[in-house]
Each structure stands twice: as C-alpha cells, then as structure tokens.
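Here's a quick briefing to read with the model open in your viewer. Take the topics in any order you like.

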Amino acid sequence: MSALSGKLRSAPWMLLAPFLAVSAMFVAFPLVQSVSLSMRQSFGPAHTRFVGLTNYRDLLSDPLFWTAVRNTLLFTAGGVFIQLPLSLLLALLLNRPGLRARTAFRIIFFAPALVGVVFVAMIFGVIFEKRTGLVNQFLHATIGWDLDFPWLQTFVMPALILSALWQYVGFNMVYFLSALQNVRADLLEAVRLDGAGRWKAFRYVVFPEIRPVAGFVVLLSIIGSFQLFELPYVLLNSTAGPDNRGLTLVMYLYQMGFDAGDLGYASAVGWVLGLILVAFTVLQRRMSRGEVSS
Amino acid sequence: MWVMGVLAAVSTAAVFAWPVPPRDGVQMWTFARLHKVRYEAAIAEWPPAQRASITLLSMPALERRMLSAFLTQTPSADLIEAERRVAARAFVGPLESVGFADLTDRLRAEGLDEDINGPSFGPWTSRGRIFGLPHDVHPVMLGYRADIVEAAGIDVGRIETWDDFIRVMSPLMLGKDASGKPVRFLLNLWEDKDDLLEVLLLQAGGGFFDGSERVSIATDINARVLSTVIAWCRGPQRIASDAPDFTASGNQLKVEGYVLAALMPDWMCNIWRIEIPQLAGKVKVMPLPAWEKGGRRTSVWGGTMLGIAKASPDQDGLWEIAKRLYTSRELAREIYREGDIITPVRSLWSDPVFDEADPYFSGQRKGRMFINLAPSVPSRTSSPFNTLAKQRVRDAALSLSAYAQSRGAFDVEQLKPEAMRLLEIAERQVRTQVERNVFLTDPGEQPAVHP
C-alpha cells in the first residue's frame with residue numbers, strides 16, 4: 001500500500017520531468033548564464049573577462065540607454081493611451097445591438113493583425129516615402145504639400161505609433177469585444193430603468209465589468225511595447241532613425257550585442273528591461289487583486 | 001508513465017547514436033549568387049582534390065553561422081566569403097580567437113601582398129595581421145545622365161572639383177515646378193545616407209578611425225565634409241536630393257532624370273544595369289570631382305574577402321583553392337563581365353576585358369577607367385566599431401541639418417563649428433564603446449580562459 005502511494009506521489013514529478021529538464025536546460029540555465037554574462041566582457045564562451053558591475057554602472061550613465069528608455073516609454077504611452085481607447089471604441093461600436101455586417105467589420109478590423117510586423121513596416125515605409133510616398137502624393141495633390149517632406153526623418157515616433165496602431169487596434173478590439181459580450185444584460189437593463197444614459201451605463205456598469213480584461217490588455221500592450229524591435233528596425237532601414245529617435249530598448253540591446261559585439265553589455269540591458277517588465281507585471285497584479293477584493 | 005520514460009530514453013539514445021553525415025570535401029559559403037555560379041563552373045574543371053561545395057546564404061544567415069561557429073568553436077565552412085561589415089565582426093575579440101586563419105605570412109611568401117592592390121587589404125587587416133584574400137577594389141566614380149548633360153552642351157571634362165561640378169552643371173537645375181522648386185537635382189545624396197557620407201568622408205581624407213585604429217571622428221576634414229553635405233542637401237543653393245538606391249521608386253526617379261549624377265562604385269554599375277535597363281546608353285561615368293584641386297578623384301564603397309576557417313584541416317589545400325579562385329584570370333574576366341567588379345590583382349589589370357566598350361555606359365571603356373583609379377582608393381579600417389561610428393556620424397549629420405534649418409545658416413564656414421561639436425559627441429560615444437572592449441584596448445593582457 002505504502003509502495004503504491006509512494007509511486008503515486010512521484011508520478012507527477014515523473015510526468016513533469018521532461019518539461020523540467022528542457023526548461024532547466026533552455027530557460028533556467030541561460031537565464032543564470034546571462035546574469036554572469038552581464039558582468040563580463042566576452043568574445044564567445046571561451047574568452048571572457050570579469051568586469052563586475054561595470055556594465056550596469058556604464059549603462060546608468062549612458063545617454064543612449066536613456067534615449068532608448070524615453071523612446072520606449074513614449075511608444076508604450078502611445079499604445080496605452082491612443083491605441084487601447086481606440087480599440088475599446090471600435091469594440092463598443094461593434095457591440096451595438098442591431099449592427100449589420102458585424103462579422104465583416106470584425107474581420108476587416110482584425111485582418112491587419114494577421115500580417116507580419118515586417119510587412120507592416122515595409123508598407124508604412126512606402127507610404128511615408130519622400131516624393132513617391134502615398135501620404136506626400138495625396139497631400140501634394142490636395143493642398144500642394146512639399147513632395148520632399150521627410151516624414152520618417154521628422155516624425156519618427158508618431159510614424160511608429162501609427163504603424164503599430166494600424167496593426168494592433170483590431171487585435172485588442174477582439175479582447176474588448178469578448179469582454180463586452182460578457183457584460184450582464186440584467187445589470188445594463190436595471191441601470192437603464194434607473195434612468196442612466198449611455199455614458200453613465202458605461203462608467204458604472206460596463207467598465208467595471210470589463211476592467212479585468214482591460215487590465216490584461218494594458219499589461220499585454222506594455223510588454224509588447226517594451227519588446228518593440230522589428231517595426232523600427234525595418235521601417236528605419238536597420239537604423240535607430242535620425243538622432244536615435246527610433247531607438248528602443250530592444251534595438252539598443254541588439255546594437256550593443258550584435259553590432260558592437262558587446263554581449264555582456266547587451267545582457268545588462270536585457271536584465272534592466274526584464275526588471276522593468278517584472279515591475280509592471282507586479283503592479284498590474286496588485287491592481288487586479290485590489291479590484292477583486294474591493 | 002513507464003512508456004513515456006522508455007520513449008524518452010530510446011529517442012535520446014537514437015539522437016546520440018545517429019551518425020553525423022560526413023562532409024563532402026571542402027565547404028564554402030558565399031552570399032553572392034554570381035560568385036557561386038561562376039566559382040562552381042570553374043571548380044568543375046579542377047582536379048577532384050581541389051573541388052569545393054559552395055552554399056549560397058543570405059548575408060544575415062552567413063553572418064549568424066559564421067559568428068556562431070567562431071564564438072563556440074563549432075564547425076563552419078572551410079572557406080567563407082564575407083562582406084566588409086560581416087568580416088569585421090570576427091575581429092572583436094583577442095587576436096588569437098579570430099576565427100579566420102592568419103594569411104599574412106602566406107601572402108608575403110608568395111608575393112601576393114605586392115600583387116594585390118594595397119588598400120584592398122585594409123578591411124581584412126586587424127592589429128597588423130591579414131585575415132582575408134581581397135575580392136575587389138570597389139573604386140567609386142560619378143555616374144551621370146550623359147543624354148541630358150550632353151544635350152545641354154556641357155563638357156564634364158571641365159570638372160575637376162566639386163565646386164567645378166556645381167558651377168558647370170548648375171544650368172541643368174534652372175527648371176522649376178509650380179512651387180518654385182527645382183525639378184531636377186545634380187546629385188543623388190541625402191544627409192541620412194550613412195554609406196554615402198562615408199564614401200565622401202573617405203574621399204576627402206577623413207573617416208572614423210586613424211591608421212592605428214584609434215577613433216578619429218572629430219576632425220576638421222570630417223566637419224568640412226559634413227557641413228558641405230548639409231549645404232548641398234538643405235541650403236538655398238541646394239543641389240542634392242534623394243532617389244534611394246535598390247528601390248523601385250528611387251529607380252523611377254533616376255529614369256525621370258530627377259537626379260543627374262550618383263556615386264557609383266564598380267558593383268553599382270551592375271545594379272543599375274539590372275534594375276534600370278531603361279537607362280542603357282544614356283549613362284556615363286567620370287572620376288569623382290575632388291574636394292580640392294589635385295585631390296583624390298575616387299573613393300571606395302563596399303568590399304568582400306575570402307577567409308579560411310582557422311579550425312579547418314588542410315590549411316595548405318584550402319589556401320590553394322582560395323588563391324586559385326581569387327587570382328584566376330578567367331574568373332576575374334567573368335566576374336567583371338557579369339558583375340562589373342574589377343579584380344584587385346594588379347597583374348590581371350592588363351587583361352583586354354577591362355578595355356571592352358560597355359554599351360550600357362554609352363560605349364565607355366569603364367573597366368579601364370575604374371582600374372586607373374584603383375591605386376588611389378583610400379585605406380579603410382577593419383574595426384568592428386565602424387558600423388557604430390557610421391551611425392553616430394549620420395546622427396551628427398541629421399542634427400547639423402536641423403541646426404542649419406532652424407537658424408537658416410547654410411554656409412560651410414558657419415556650420416563647421418557646430419559640425420565639430422556634434423562630431424565630438426559622436427566620437428565620445430564611439431570611444432566609450434571601443435574602450436569598453438578590453439580585448440581591443442588592452443591586447444597585451446591575456447583574457448581569463450574558461451574552457
């Protein structure tokens with residue numbers, strides 16, 4: 001009997017063993033190694049030199065690192081304060097009862113999310129091109145705009161935010177739409193019977209109901225924004241754009257690790273980025289718990 | 001549970017027991033389709049002992065594979081054809097860990113260091129040692145729309161300097177559109193094109209690193225060139241505009257004659273030939289206008305080498321193959337005929353192929369023109385930080401442009417102090433990165449080795 005219960009006790013561990021082994025090898029070990037690497041100068045695993053916290057110290061006094069932080073925060077703010085409200089607005093519009101062709105609209109809004117980021121960057125690169133780009137051609141034809149106006153040189157961050165907005169607004173809309181469809185109809189009916197208008201119904205019934213999903217979408221958006229790389233890399237032709245205005249944290253990590261060959265420094269950037277994301281996740285979880293308990 | 005365990009054990013054993021297929025002779029990686037096609041055709045005629053199997057890889061794939069192999073001491077191809085930026089990545093660490101074999105002594109012993117055009121070794125020479133056999137020279141000339149220029153009765157023979165170029169060609173910019181802007185510009189150039197900036201800086205005798213590989217960005221020459229470029233692109237007497245290379249829209253602008261001239265290394269002749277066939281017979285090349293009278297009439301753009309992986313066996317055999325590929329008269333002819341690229345091997349420059357008239361370039365014997373300029377191409381660095389330096393100098397150019405526009409100051413002498421200030425910032429940023437690399441800044445000290 002005890003032998004059987006012992007086997008039963010060990011069964012979950014045996015079943016988990018393959019996953020744990022793979023995770024240890026490909027997640028935990030590299031993670032620990034990257035901590036060590038962030039305190040070294042390296043040229044491959046064979047040639048390394050311990051430099052202690054120098055990489056982190058240099059990072060904090062590195063103006064380019066702070067430029068990357070500022071740009072990443074700007075892009076994140078664009079995602080959270082422009083893209084997500086638009087997604088919610090679209091979801092509210094599509095959730096209206098009696099709307100015709102709802103499925104068609106849903107597909108149209110969601111379709112850009114099916115396109116790869118690289119493709120989106122290339123499309124917007126063509127749209128914003130000087131002289132032959134769609135934007136300059138249209139503005140030139142309508143208001144005599146300067147055909148040579150360099151959008152990607154003048155408005156780097158707005159161009160990035162707009163490109164990301166086009167791609168992800170429909171994607172986030174789907175989350176909001178599914179949350180809206182789960183709002184209790186009896187509550188909405190009750191608040192309307194009490195004489196509340198659309199805004200009050202939204203503020204006091206709909207928004208509290210969708211808040212957990214909204215919190216999740218915000219967190220996803222923040223994490224996605226902090227990982228921004230391909231979009232500026234392709235849109236700005238493998239550069240950080242004029243005056244580094246398109247330099248994001250992950251781009252800086254890439255530049256340091258793979259252009260400058262400083263893998264130790266790049267690891268330090270990676271760890272700082274990781275810590276920022278952990279901080280946001282903890283904050284979001286605390287806020288969610290607060291909402292649940294209240 | 002036991003079934004899973006057995007399956008895991010069996011599959012693990014199978015993976016380890018699976019025989020690794022033996023490599024079929026010498027392996028070579030290249031990123032250029034033309035090279036692969038031509039080399040394969042040539043190799044097919046060679047004795048079996050000298051055969052090599054060639055794999056075509058995209059540049060990023062070649063870069064990743066090469067670096068992975070060099071960094072982890074895992075197998076790579078025996079021969080690797082690498083472009084300048086990619087090869088430089090192998091020079092980041094200590095000299096003894098460079099994954100390419102040191103060819104310095106072999107080149108000297110066989111006199112190839114004399115026979116190959118000197119400046120072509122620059123990008124493959126790190127800390128005094130040569131790690132690659134140069135494939136090319138890539139002198140830069142000025143390609144221009146001969147049909148438009150000659151129809152206007154302009155004689156480009158009167159052009160010696162950039163000032164002459166502007167003076168002689170400016171009548172071609174008289175046409176204006178409804179908003180008063182020129183409908184045509186003299187030069188395809190823009191302040192954010194870091195490759196073009198580097199070409200012009202090198203031509204003027206500037207650049208990013210000095211002869212001892214020390215960062216040298218904030219120099220008078222660089223400040224002057226940068227200020228001039230901003231004046232050309234933004235000033236009231238603007239002569240430059242952007243018709244980007246390698247894009248359909250840029251090519252269309254070239255066809256329309258929106259820009260009249262462009263910096264043109266030998267390989268770019270081939271890009272135009274393939275991508276803009278409409279310009280056949282309408283284009284000519286001429287030596288670059290110099291920055292001052294008697295100055296250098298060319299520059300350099302791009303570059304490729306053939307390196308031997310240090311870890312490969314039979315280094316002597318690989319050296320023979322590499323030498324045969326890069327010093328073969330037949331291959332040099334083919335690569336010029338099909339790729340417009342001139343060989344760096346000086347003893348092959350007398351070949352008649354370089355004197356053939358080129359119908360695309362209005363019957364010019366452009367091979368000979370490029371060869372005449374080859375000895376004058378500027379020397380270049382092999383620093384792995386060159387890409388970073390290029391980016392920072394481009395940032396300086398963009399900041400200088402914003403400064404010029406905000407103050408309406410486009411005179412070169414007016415702009416130079418600000419250009420110097422911005423270049424000093426760029427230099428500090430690059431130097432910080434270079435000095436962080438203990439392998440390059442402190443080569444004498446042996447790094448701790450962790451096997």
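This is a predicted model: local features need pLDDT of at least 70, side-chain atom pairs count only at pLDDT 80 or more; totals for chains, interfaces and linings use all residues.

**Two residues with positive phi**

- B:Glu213 sits in the loop between helix 9 (194-203) and helix 10 (220-234) of chain B.
- Its phi is near 65°, a positive value in a residue other than glycine.
- B:Arg127 also has a positive phi without being glycine, this time near 50°.
- Look for B:Arg127 in the loop that links strand 4 and strand 5 (129-130) of chain B.
- B:Arg127 counts as exposed, because it has 12 C-beta neighbours inside 10 Å.
- For context, most residues other than glycine have a negative phi.

**How the chains split into domains**

- In chain B, the assignment gives domain 1 as 23-134 + 302-368 and domain 2 as 140-300 + 379-436.
- The C-alpha centres of domain 1 and domain 2 of chain B are 29 Å apart.
- Where those two meet, domain 1 of chain B puts in 22 residues and domain 2 of chain B puts in 20 residues.
- On the domain 1 side of that contact in chain B, helix 4 (84-88) and strand 4 (125-126) are the elements giving two or more residues.
- By class, this domain 1 side in chain B has 11 nonpolar, seven polar and four charged residues.
- Chain A is divided as well, into domain 1 (2-37) and domain 2 (57-293).
- Taken over C-alpha atoms, the centres of domain 1 and domain 2 of chain A are separated by 36 Å.

**Strand 1 of chain B and its partners**

- Four of the five residues in strand 1 (residues 26-30) of chain B are buried, so the strand is largely enclosed by the rest of the structure.
- Strand 1 of chain B pairs with strand 2 (residues 52-56) of chain B in the parallel sense, over five bridges.
- Within that pairing, B:Met28 stands opposite B:Ile54 of strand 2 of chain B.
- To get from strand 1 to strand 2 of chain B, the chain passes through helix 2 (residues 33-43) of chain B, and this β-α-β crossover is right-handed.
- Strand 1 of chain B also runs parallel to strand 3 (residues 79-83) of chain B, with two bridges joining them.
- B:Met28 turns up here too, opposite B:Leu79 in strand 3 of chain B.

**The five-stranded sheet of chain B**

- Five strands of chain B make an open sheet with mixed pairing, in the order 9-8-10-7-11.
- Strand 9 (240-241) and strand 11 (283-287) of chain B are at the edges with a single partner strand each, so one side of each has no neighbour in the sheet.
- Strand 8 (residues 185-188) and strand 10 (residues 259-265) of chain B run parallel and are joined by two bridges.
- B:Leu187 has B:Ala261 in strand 10 of chain B as its bridge partner.
- B:Ala261 counts as buried, because it has 27 C-beta neighbours inside 10 Å.
- Leaving out residues up to four places away in sequence, B:Ala261 touches B:Leu142, B:Gly143, B:Tyr144, B:Leu186, B:Leu187 and B:Asn188.
- B:Ala261 and B:Val283 are 22 residues apart in sequence, and their C-alpha atoms are 9.2 Å apart in space.

**The nonpolar core**

- What is in the largest nonpolar core? It has 185 residues, and those with the most contacts inside it are A:Val269, B:Leu79, B:Met141 and B:Val229.
- Helix 8 (residues 156-180) of chain A gives the largest share of this core, 11 residues.
- Beyond neighbours within four places in sequence, the contacts of B:Val229 include B:Leu189, B:Leu197 and B:Ala397.

**Where chain A meets chain B**

- This contact takes 36 residues from chain B and 30 residues from chain A.
- Several elements of chain B supply at least two residues each to its side, among them helix 3 (59-72), helix 11 (248-255) and helix 17 (412-436).
- The largest share of the chain B side, six residues, is from helix 16 of chain B.
- By class, the chain B side has 16 nonpolar, 15 polar and five charged residues.

Note on methods
Residues are numbered from 1 along each chain as its sequence is written. Chains are lettered from A and ligands numbered from 1 in the order in which they are written. Two residues are in contact if their C-beta atoms, placed from the backbone, lie within 7 Å. Ala, Val, Leu, Ile, Met, Phe, Trp, Tyr, Cys and Pro count as nonpolar, Asp, Glu, Lys and Arg as charged, and the others, Gly among them, as polar. Two strands pair if DSSP finds at least two bridges between them. A nonpolar core is a set of buried Ala, Val, Leu, Ile, Met, Phe, Trp, Tyr and Cys residues joined through C-beta atoms within 7 Å. A residue is buried if 20 or more other C-beta atoms lie within 10 Å of its own, exposed if 12 or fewer, and partly exposed in between; C-beta atoms are placed from the backbone. Domain bounds come from an automatic or database domain assignment. A crossover is right-handed if, with the strands pointing away from the viewer, the path from the first strand over the helix to the second runs clockwise.
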